[in-house]
Amino acid sequence: MEGVSSAALLQETLQGGTDDIAFQASLIWDAIRGPVVVPLLRLSVFLCLVMSIMLFVERVYMGVVIAFVKLLRRKPEKRYKWEPMKDDIELGNSVYPMILVQIPMFNEKEVYQLSIGSACGLSWPADRIIVQVLDDSTDPTIKDLVETECHKWASKGIDIKYEIRDNRNGYKAGALKEGLKRSYVRQCDYVVIFDADFQPEPDFLWRTVPFLIHNPEIGLVQARWKFVNADECLMTRMQEMSLDYHFTVEQEVGSSTYAFFGFNGTAGVWRIEALNEAGGWKDRTTVEDMDLAVRASLKGWKFLYVADVRVKNELPSTLKAYRYQQHRWSCGPANLFRKMVMEIIRNKKVTTWKKVHVIYSFFFVRKLVAHINTFVFYCVVLPATVLVPEVVVPKWGSVYIPSIVTLLNSVGTPRSFHLVSFWILFENVMAMHRTKGTIIGLLETSRVNEWIVTEKLGDAAKAKASSARQHKRPRLKIADRLHLLELGVGAYLFFCGTYDVFFGKNQFFIFLFLQAIAFCIVGFGYVGTVVSSS
């Protein structure tokens, strides 16, 4: 009996302690809720609604511009002079400008043959083109393979140069900068850049270079990307939707209105004079391509986007590679904005409207507000209003604006319209990493210059996918698969959704549960392809 009494007493003590902790927590919550939580949450809702309106206006504006471009059929050939290149019997091949093709590489075992082969296959007079392979590989085996591939094409009469460095200073920007220092580059008029997974069509130069020849004010001609592995998995389809909007709308609007847009870092042709006048390549951020584009634009050079010229390339199909890429793409622009905003304001060569476009539309709304608002509003603030019913989000802010923005974003990829719901949920998850990257870039913290080359699988992806049908899915270590930030946000959203079911009145629980599931799926690593390390 004494044993039973002691056990019962211990249980009552523990129960009492738990009840006491819960009571104390309830008192603290009641004490800070009115004077602290409610005002802060109301302020957060107000700021998020302001950012939502900014995004909405920006999307509608770009939609209107695109509509006019399509209706008026304002193709590049109508806005700028374009004539096909013609042979000259007297001058011979000297009538053709000298072209430098740069291919920066870093341990590109799976795709080096594709990119080098495509570059060497470009149709242009053989004595008027130089292919320059900039190999920063640290794996000696891969370096030997790349060098052998270069020698193979050289034996076929291609003027190809294999260039290496004894360091990786500046990463891609450093390699491109060093490549332009070679003596043979002085004879070149234009430089074409292709990342290691890009495969241009043979007529790429015939379709782009004439714009530069006949329009001396143009400094850059940018082609569109075409994704060879968009159907590999659901994650690559989501990426295709986001990037198609970027090319179909954002790049086209910039080209058609202010003759400015961000250089995509590849599949573009630069006038070397414009590149040099802008100060050349700089490695102060992880978006050396955007840095160069902004500086060249401030010098008065115009950019042209040619949507009809498409260059095949590969989307990252593993979650790890995609997360690293998105960190770089969000951190870099934010850091560049911090470094260049005053330089843009003080510039005397461009119009005030162009400055407003670059600072407000290009940087502030698209590179900062879009990332921060997507995550903070829909994954933090909106769920929090479920727990604090005194704070109300108007329906136009929680339903109408995001619905219209989503529909406008979906115009880039009509074939994937049925996947819009999945795309929204996935974009909200990735917005967490983009927000983190944006804050790191603005504050210039330790990871601001982190550069990890996006993994490319090339033909290996197809081989592994085929193998996966016959063998078991490769397993990853638990530590490699679990992503605690996503799981933490997923748990928070699930809690808020459950609270809304039993005590709330907002009826956000359907969205909250679906978004929680999306975070957990990514958190447990069930997104993208899985490639074994063997």
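Strands here are DSSP runs of E with at least two residues, helices are runs of H or I with at least four, and both are numbered from the N terminus.

A note on the source: this is a predicted model, so local features need pLDDT of at least 70 and side-chain atom pairs pLDDT 80 or more, while totals for chains, interfaces and linings use all residues. Residues are numbered from 1 along each chain as its sequence is written, and side-chain values use heavy atoms, without hydrogens and water.

Next I looked up the partners of strand 6, counting two strands as paired if DSSP finds at least two bridges between them. Strand 4 (residues 190-193) runs antiparallel to strand 6 and is joined to it by four bridges; here Val191 stands opposite Trp270. Strand 5 (residues 218-227) also pairs with strand 6 in the antiparallel sense, over three bridges, and Gln222 stands opposite Gly268.

I then checked the record: an unreviewed UniProt entry annotates residues 190-386 as "domain: Glycosyltransferase 2-like". Such annotations may be inferred rather than shown by experiment; positions are in the numbering used here and feature names are shortened. I found that span to be 58% helix and 15% strand, with its end C-alpha atoms 57 Å apart.
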